[in-house]
Amino acid sequence: MHPTAARPQGPVTAADVAAYWNTRIHDLEMTTHPVGTREFFDDLDDYRFDKLHYLPRLVDFNGFAGQRVLEIGCGIGTDLVRFARGGARVTGIDLAQTSIDLARQNFAIHDLHADELRVADGAALPFDQASFDVVYCHGVLQYAADAPAVVAEARRVLRPGGVAIFMVYNRVSWLHAMSKVMKVGLEHGDAPVLKLYSIPEFTALLAPFRNVEIVPERFPVASRLHKGWKATAYNSIFVGTFNAMPKRWVQRYGWHLMAFCRP
């Protein structure tokens with residue numbers, strides 16, 4: 001169990017966000033292996049890409065060989081490892097030292113190279129303008145103390161012709177509605193910041209980019225995280241019923257809003 005965080009009084013800072021994530025590892029409940037072992041990293045990779053099976057379909061992790069990829073909020077390096085395995089030159093930053101230490105172990109255990117893995121703030125990137133071909137920021141903006149600054153910095157360090165890839169949680173989504181109806185809190189609902197976005201709000205946030213495509217994704221899959229009668233009802237009834245509906249009816253209600261942005 002993680003300690004319950006007291007929400008900061010007054011404006012949230014990057015230091016508040018860092019303090020929260022330094023005591024947490026996302027999806028830690030999905031492995032019984034010791035933190036930092038190969039089995040630990042492989043379990044979390046397996047769980048992530050089972051739950052987010054859409055992700056490799058939208059993001060070709062093998063399609064950036066030789067390109068410079070920056071991940072803002074790299075966590076333990078799960079996605080960044082996939083970019084590296086596909087031949088990209090990768091750099092990862094995160095506010096949490098815990099995450100960066102584990103990302104370094106992840107790369108070492110899998111015998112992969114990263115140009116740099118370091119603690120840094122996505123709202124004040126320590127890189128020159130136009131340094132990267134790809135900026136990847138999946139599931140980070142909603143927890144950021146200054147999301148517009150992160151987007152602006154991603155735009156600044158992106159080379160002409162490059163692509164920035166973001167994901168936020170959709171406020172007008174099946175999962176948000178389900179959490180209200182079944183009174184099940186959202187993961188990391190106690191974080192210093194957790195902001196959900198509608199599609200128009202997300203579009204406005206991405207205003208520094210001229211070309212933006214938003215794709216709603218992340219539809220119901222059987223949950224391994226929750227237990228009890230609610231999980232049984234969700235897995236046995238809701239998942240199948242929802243996914244049997246015509247896609248055009250439910251597309252806009254995906255829990256994840258993926259954005260592909262070009263300068």
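Predicted model: local features only at pLDDT ≥ 70, side-chain atom pairs only at ≥ 80, totals over all residues.
**Entry 1: burial, and a glutamate**

I count a residue as buried when its relative accessible area is under 20%. Buried or exposed, I wondered about Glu217? Its relative accessible area comes out at 5%, so Glu217 is buried.

Next I asked which residues Glu217 touches, leaving out those up to four places away in sequence. I got Tyr54, Arg57 and Leu58 from one part of the numbering, plus Gly254, Trp255 and His256 from another. I also checked Tyr169, which sits 48 residues from Glu217 along the chain; their C-alpha atoms are separated by 9.8 Å.

**Entry 2: the whole chain**

I stepped back for the totals. I have 263 residues here, and 49% of them are buried. The chain holds ten helices and seven strands. I then looked at contacts with a separation of 6 or more: 73% of these are between residues 24 or more positions apart.

In what order do the seven strands line up? I read 3-2-1-4-5-7-6, an open sheet with mixed pairing. Strand 3 (116–119) and strand 6 (211–217) are the edges, each pairing on one side only. From one strand to the next, I get an average twist of 15°.

Helix 4 (residues 78–85) touches strand 1, strand 2 (89–94), strand 3 and strand 4, and its direction makes about 170° with that of strand 2. Helix 5 (residues 97–109) touches strand 2 and strand 3, with about 165° between its direction and that of strand 3.

I zoomed in on strand 1. Four of its five residues are buried, so I wrote strand 1 down as largely enclosed by the rest of the structure.

How many bridges join strand 1 to strand 2? I counted five, and the two strands run parallel. For a specific pair, I have Arg68 with Arg89 of strand 2 as its bridge partner. I traced strand 1, helix 4 and strand 2 as a unit and got a right-handed β-α-β.

With strand 4, strand 1 also pairs in the parallel sense, over three bridges. There I found Val69 opposite Val134 of strand 4. Val134 came up again when I moved along the sheet: its bridge partner in strand 5 is Val163. Strand 4 and strand 5 pair in the parallel sense too, with six bridges.

**Entry 3: Thr91**

I picked Thr91, which lies in strand 2, and computed a relative accessible area of 1%, so Thr91 is buried. What is Thr91 in contact with, once its neighbours within four places in sequence are set aside? I listed Arg68, Val69, Leu70 and Glu71, then Leu80, Asp115 and Glu116, and lastly Phe127 and Phe132.

**Entry 4: helix against helix**

I turned to helix 2 (residues 38–51) and helix 4. Their axes come within 10 Å and cross at roughly 90°. I counted 65 to 115 degrees as roughly perpendicular, and helix 2 and helix 4 are therefore roughly perpendicular to each other. Which residues make the contact? On the helix 2 side I have Asp45, Arg48 and Phe49, and on the helix 4 side Thr78, Asp79 and Arg82. I sorted this contact into four charged residues, one polar and one nonpolar.

**Entry 5: helix 6**

I went through helix 6 (residues 147–157) for burial. Ala147, Ala149, Val150, Val151, Glu153, Ala154 and Val157 are buried. What covers them? The cover includes strand 1 (68–72), strand 4 (132–138), strand 5 (158–169) and helix 8 (199–205).

**Entry 6: another glutamate**

I finished with Glu187, located in the loop between helix 7 (174–181) and helix 8. Its relative accessible area is 33%, and I logged Glu187 as partly exposed. I also looked up Asp27: Glu187 and Asp27 are 160 residues apart in sequence, while the C-alpha to C-alpha distance is 9.3 Å.

Key. Residues numbered from 1 in each chain as written. Heavy atoms only, no water. Buried < 20%, exposed > 50% of the residue type's maximum accessible area, 1.4 Å probe, protein only. Contact = heavy atoms within 4.5 Å. Pairing = 2+ DSSP bridges. Axes fitted to C-alpha atoms, helices over the stretch in contact; angles between N-to-C directions. Parallel < 35°, antiparallel > 145°, perpendicular 65-115°, else oblique. Nonpolar A, V, L, I, M, F, W, Y, C, P; charged D, E, K, R; others polar. Right-handed = clockwise from strand over helix to strand, strands pointing away.
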